[in-house]
Amino acid sequence: MADGTITLDQLIAWLRRFTELVTENRGYLTELDSAIGDADHGANMARGMAAVMEKIDGAPTESADALFKQVGMTLVSSVGGASGPLYGTFFLRFGGTAGPVTELDSATLAVALRAGFDGVIARGKAEPGDKTMVDAMGPAIDAFDTEATDGADLAATTTGAFAAAEMGRDATEPLIARKGRASYLGDRSAGHLDPGATSTALLFQALAETVALP
Ligand code: ADP
Ligand code: MG
């Protein structure tokens with residue numbers, strides 16, 4: 001069960017679970033990207049996160065900022081697609097905001113997640129409704145903030161964020177893409193889930209499972 005903080009070991013467990021989920025869903029993410037992109041999102045995420053875990057397991061870090069700097073730099077350098085720099089920026093900003101700490105409480109985690117999200121917006125310039133990962137990440141972080149402000153514990157904040165990410169992911173289906181490769185399709189991008197919003201829901205699933213589920 002979750003207590004009031006997430007430790008460095010749990011942050012690593014979050015990344016490990018995310019790696020498992022993108023690896024298990026590699027074919028599915030690629031199938032989604034083949035409908036409105038270039039059929040590489042599953043491969044990009046699985047390869048990127050495998051490289052991340054190899055780095056983490058090979059060179060242990062002692063604080064959140066160092067850990068997530070390693071994660072972010074590895075994603076930026078090992079993933080060719082748009083998603084590498086975007087997730088890379090998310091983790092770099094997340095860690096930089098968390099700082100040289102070994103555990104985070106709900107309030108600090110909320111601030112770090114928000115900083116990561118702001119980094120994705122700054123880098124990709126997508127707005128809500130553009131049919132991107134932003135459409136899952138924004139609602140997840142808003143839900144996290146609401147729960148954290150109400151004083152909810154980590155189990156409730158992360159579970160709420162995961163549910164909101166899934167709703168945001170599902171809401172991308174009817175949208176017409178206005179950013180990224182899918183935007184080249186115009187109206188034909190409607191009727192498909194966005195691959196990046198789908199992997200972002202897995203990111204929040206991994207977080208919820210790490211702190212809230214047995
Ligand atoms: P690529 O599009 O370069 O092949 P991926 O297939 O790995 O890269 O990732 C595609 C996902 O990246 C999209 O589904 C979308 O969620 C996300 N994405 C693309 N461009 C942007 C952007 N400018 N801002 C936010 N997310 C974006
Ligand atoms: Mg792609």
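Visitor: By class, how many nonpolar, polar and charged residues does the shell around ligand 1 have?
Guide: This is a predicted model. In it, 20 residues surround ligand 1. N44, A82, S83, G124 and D194 are the closest. By class, the shell has six nonpolar, eight polar and six charged residues.

Visitor: Which helix gives the most residues to that shell around ligand 1?
Guide: Helix 3, helix 5 and helix 9 each give two or more residues to the shell. Three residues come from the one that gives the most, helix 9.

Visitor: What distance separates the backbone N or O atom of G124 from a nitrogen atom of ligand 1?
Guide: Several polar atoms lie close to the ligand. A polar side-chain atom of D40 is 3.0 Å from an oxygen atom of ligand 1. A polar backbone atom of M133 lies 2.9 Å from an oxygen atom of the ligand. For the backbone atom of G124 and a ligand nitrogen, the distance is 2.8 Å.

Visitor: How much of the area that ligand 1 exposes when taken alone does the protein bury?
Guide: Taken alone, ligand 1 exposes 560 Å². The share of that buried by the protein is 93%.

Visitor: What is the volume of the largest pocket?
Guide: Ligand 1 takes up the space of this pocket. Its lining counts 28 residues, with A82, S83, L86, G180 and R181 nearest the centre. The volume of the largest pocket is about 550 Å³.

Visitor: Which helix supplies the largest share of the lining of the largest pocket?
Guide: Helices 2, 3, 5, 6 and 9 each give two or more residues to the lining. The largest share is four residues, and it comes from helix 6.

Methods
Residues numbered from 1 in each chain as written. Chains lettered and ligands numbered in written order. Predicted model: local features only at pLDDT ≥ 70, side-chain atom pairs only at ≥ 80, totals over all residues. Heavy atoms only, no water. 1 Å grid on protein atoms, 1.4 Å probe; cavity = no way out; pocket = protein on both sides within 12 Å on 5 of 7 lines; lining within 4 Å. Points joined across faces, edges and corners; volume = space filled by probe spheres on them. Near = heavy atom within 4 Å. Polar contact = N/O pair within 3.5 Å; in protein donor to acceptor, adjacent residues only side chain to side chain. Areas by Shrake-Rupley, 256 points an atom, 1.4 Å probe, with all protein chains shown as cover. Sits in = over half its atoms within 2 Å of the grid points. Nonpolar A, V, L, I, M, F, W, Y, C, P; charged D, E, K, R; others polar.
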